[in-house]
Amino acid sequence: MNESFKIFGWMTTDLKLSSNELLVYAIIFRDTVEGNGSFDKGSGYIANLLNLSRPYVFTILKKLTERGYIERIAKSEKTSAVTFKAKTYQQITNKETTNE
């Protein structure tokens, strides 16, 4: 299981997140971009990985959703687990990247 994730420069400079918000976003971004297209491991996974309480993780997920950095795409009726998808730099900033 891959527990590592990257924090890109634009995440720190453009998103203006707290340190824990940045870490949560980076984890969801990793699974969205490098994984199966979304994050479906649940808040408990994030809480354990970052040593945070689940209620605090819920607060962070709500803030990231309200800011438009992640979107809630599904909720399991059986487990009440929520699936999230991180938005890319281009989607958040409406900027195109260049190779300059």
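This report describes the core, helix packing, strands and loops of a predicted model.

## Nonpolar core

The largest nonpolar core of the model contains 27 residues. Those with the most contacts inside this core are M11, V24, Y25, I28, I46, L64 and I70. Helix 2 gives the largest share, seven residues.

L64 is one of the core residues with the most contacts. Leaving aside neighbours within four places in sequence, L64 is in contact with L17, E21, V24, Y25, Y69 and I70.

## Helix 2 against helix 4

Helix 2 covers residues 19-34, and helix 4 covers residues 54-66.

## Helix 3

Helix 3 runs over residues 43-50. This helix is mostly covered, with six of its eight residues buried. The buried residues are S43, G44, Y45, I46, A47 and L50, and they pack against helix 2 and helix 4. I46 is also among the residues with the most contacts inside the largest nonpolar core.

## The two strands

Strand 1, residues 70-75, is joined to strand 2 by five bridges, and the two run antiparallel. Within this pairing, E71 stands opposite K85 of strand 2.

Four of the five residues of strand 2 are buried, so this strand is largely enclosed by the rest of the structure.

## The segment before helix 1

K6 lies in the segment before helix 1. K6 and I27 are 21 residues apart along the chain, and their C-alpha atoms are separated by 8.1 Å. Not counting residues up to four places away in sequence, K6 touches M11, A26 and E34. Of these, M11 is among the residues with the most contacts inside the largest nonpolar core.

## Two loop residues with positive phi

Most residues other than glycine have a negative phi. K16 is not a glycine, yet its phi is positive, about 55 degrees. K16 is found in the loop between helix 1, residues 9-13, and helix 2. Its relative accessibility is 63%, so K16 counts as exposed, the cut-off being over 50%.

N51 is likewise not a glycine and has a positive phi of about 60 degrees. This residue comes just after helix 3, in the loop between helix 3 and helix 4. N51 has a relative accessibility of 72% and therefore counts as exposed.

How values were computed:
Residues numbered from 1 in each chain as written. Predicted model: local features only at pLDDT ≥ 70, side-chain atom pairs only at ≥ 80, totals over all residues. Heavy atoms only, no water. Buried < 20%, exposed > 50% of the residue type's maximum accessible area, 1.4 Å probe, protein only. Core = buried A, V, L, I, M, F, W, Y, C linked by side-chain atoms within 4.5 Å. Contact = heavy atoms within 4.5 Å. Pairing = 2+ DSSP bridges.
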